[in-house]
Amino acid sequence: MDTLEVRPVIANTSLAKQVDELYTLAFPRVDKFAFDAMCRFAESGAADFSAYLDDGVFCGFSYTLKAEKYLFVLYLAIDPRFRSMGYGTEIMERLAQVNPGLDLVLDIELPYESAPNAEQRYRRRAFYERNGFWCTGDVFGVDDNLYLIMTTTETWDLDDFLDRARRAHGYLPDYYFGDIHHFEDEVRPPVGK
């Protein structure tokens, strides 16, 4: 597909303003780092903060961290005007292509029927499953919300991921290093397994 132009997100630019607006819209407050700090981490090389444009029009962004054999996708968002048009899939494919050999890891709000945004949560899980992720069953809480860890690796090892993340990025959110519970009911094996 490769139709998207990729640009780094640099603080205090018009593109960064667009990214920040989508970031504010797409993620709950409890889930977010300070936008300026994200820009600084990316500019120092500690993270990758990319904006995606189609024919010069901003349509989404990703924010990732490498932790040895893992690529931790902290944020991925598509502008609401461009959702369900293949951009999210193209970004996921790009992340895999430019990070060959790395296992992608991310977390999503735990989908369950009585959640206030249950339909959105189920759609999000289905999107990632279509893009090669599977549900590990590892769940952690932030305030009153639960998050499910998903990955592209078929041999998920939570302790290995956390150990490598600690070594590479001591500044990851504290909740990743707190209580993580495994719920077998939430395990969804890789597609085709």
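With which side chain does the side chain of Glu109 make a polar contact at 3.4 Å? The partner is Arg124. This is a predicted model. The structure holds 13 salt bridges, and Glu109 takes part in one of them, with Arg121.

- Glu109 lies in strand β5, which spans residues 103-109.
- Glu109 is buried because its relative accessible area is 10%, under the 20% cut-off.
- A polar contact joins the side chains of Glu109 and Asn117 at 3.0 Å.
- Setting aside residues up to four places away in sequence, Glu109 touches several others, including Pro28, Gln120, Asn145, Leu146 and Tyr147.

**The salt bridge of Glu109**
- The closest N and O atoms of Glu109 and Arg121 are 3.4 Å apart.
- This pair links distant parts of the chain: Glu109 is in strand β5, while Arg121 is in helix α4 (residues 118-130), 12 residues apart.
- Both Glu109 and Arg121 are buried.

**A salt bridge within a helix**
- Glu21 and Lys17 form a salt bridge, with 3.6 Å from N to O.
- They are about one helical turn apart, because 4 residues separate them in helix α1 (residues 14-26).
- Glu21 is partly exposed at 46% relative accessibility, and Lys17 is exposed at 54%.

**A salt bridge between helix and loop**
- Arg167 and Glu68 form a salt bridge, their closest N and O atoms 2.8 Å apart.
- Arg167 sits in helix α5 (residues 158-168), and Glu68 in the loop between β3 and β4, 99 residues apart.
- Arg167 counts as exposed at 51% relative accessibility, whereas Glu68 is partly exposed at 39%.

Definitions and conventions
Residues are numbered from 1 along each chain as its sequence is written. This is a predicted model: local features need pLDDT of at least 70, side-chain atom pairs count only at pLDDT 80 or more; totals for chains, interfaces and linings use all residues. Side-chain values use heavy atoms; hydrogens and water are left out. Helices (H or I, at least four residues) and strands (E, at least two) are DSSP runs, numbered from the N terminus. Buried means under 20% relative accessible area, exposed over 50%, partly exposed in between (1.4 Å probe, protein chains only). A polar contact is a pair of N or O atoms within 3.5 Å; within protein, one must be able to donate a hydrogen and the other to accept it, and residues adjacent in sequence count only if both atoms are side-chain atoms. Contact means heavy atoms within 4.5 Å. A salt bridge is a side-chain nitrogen of Lys or Arg within 4 Å of a carboxyl oxygen of Asp or Glu.
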